[in-house]
Amino acid sequence: MNTSSLSIALVSLFAALIAVFGLIPKIDLPLGVPITLQTLGVMLAGCMLGPKRALQALVLFLAAVAIGLPLLSGGRGGVGVFFSPASGYLIGWPVGAFVTGMVMHMLPRATPRAAAISAFIASAVGGLLVVHVFGVVGLVNIANLSWEQAIMGTLVFVPGDLIKCLLCATVVHTVARGLPDWRFGG
């Protein structure tokens, strides 16, 4: 398979994986932003695909959501989701995936253990920190919360997102053991 065909296949596969994570029921919070498993897909895309392909996978996924496909957890889709309190998080997904891929690319990945540790760090930086920064900005601008309220509100997600970072590291470790030639982080 040539490189461009492989890239298209991987980008499509990870966009589909994020959609599949949307089938797992969401947990609604009073903040207007649900807890979902889809941020794990953001982390995995960055670690497994590298910055460019991860960005492409998330842009493809969000484009499908924007045209109305109900791919977000709870069967949500359409342009309206980009004007909801969760919009900052959604807009942060492609950036978070890109940053996760960049950090993963810069960290050691020579052994399965090193790749797993690097994946945890990269996921925490890109999939957690970057996405939450965008989320806080969205909560301030869309939900009209104060900065303090938005920051306190987003802290609810951090324990679950740290578990997702651990799951991402576990997947990377498993792939590194089974496919030692996989190029994590691009």
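Before I turn to the helix pairs, one definition: a helix axis here is a line fitted to C-alpha atoms over the stretch in contact, and the angle between two axes runs from 0 to 180 degrees between their N-to-C directions. Please keep in mind throughout that this is a predicted model.

With that definition, consider α5 and α7. Their axes come within 8 Å and cross at roughly 145 degrees, and the crossing is right-handed. Which residues of α5 and α7 meet? On the α5 side they include Pro112, Ala116, Phe120, Leu128 and His132. On the α7 side, among them are Val158, Leu162, Cys165, Val172 and Arg177. By class, the contact of α5 with α7 divides into 15 nonpolar, 3 polar and 3 charged residues.

The second pair is α4 and α5. Here the axes lie 7 Å apart, at an angle of about 155 degrees. Angles over 145 degrees count as roughly antiparallel, and α4 and α5 are therefore roughly antiparallel to each other. The crossing of α4 with α5 is right-handed. This contact holds 16 nonpolar and 11 polar residues, and no charged ones.

I turn now to the interior. In soluble globular proteins, nonpolar side chains tend to be buried together. In this model, the largest nonpolar core has 50 residues. Which of its members touch the most other members? They are Leu58, Phe61, Trp93, Met104, Val172 and Phe184. The elements giving two or more residues to this core are α1, spanning 3–21, α2 (38–49), α3 (51–66), α4 (87–106), α5 (112–141) and α7 (158–178). Of these, α5 gives the most, with 9 residues.

Setting aside residues up to four places away in sequence, Trp93 touches Gln38, Thr39, Val42, Leu58, Phe61, Leu62, Leu72 and Val131.

Finally, let us consider Val11, which lies in helix α1. Is Val11 buried or exposed? Its relative accessible area is 9%. Buried means under 20%, so Val11 is buried. Beyond its neighbours within four places in sequence, Val11 is in contact with Arg53, Gln56, Ala57 and Leu60. Val11 and Leu49 are 38 residues apart in sequence, and their C-alpha atoms are 8.0 Å apart in space.

Terms used: Residues numbered from 1 in each chain as written. Predicted model: local features only at pLDDT ≥ 70, side-chain atom pairs only at ≥ 80, totals over all residues. Heavy atoms only, no water. Core = buried A, V, L, I, M, F, W, Y, C linked by side-chain atoms within 4.5 Å. Buried < 20%, exposed > 50% of the residue type's maximum accessible area, 1.4 Å probe, protein only. Helix = DSSP H or I, 4+ residues; strand = E, 2+ residues; numbered from the N terminus. Contact = heavy atoms within 4.5 Å. Left-handed = near helix turned anticlockwise from the far one by under 90°. Nonpolar A, V, L, I, M, F, W, Y, C, P; charged D, E, K, R; others polar. Parallel < 35°, antiparallel > 145°, perpendicular 65-115°, else oblique.
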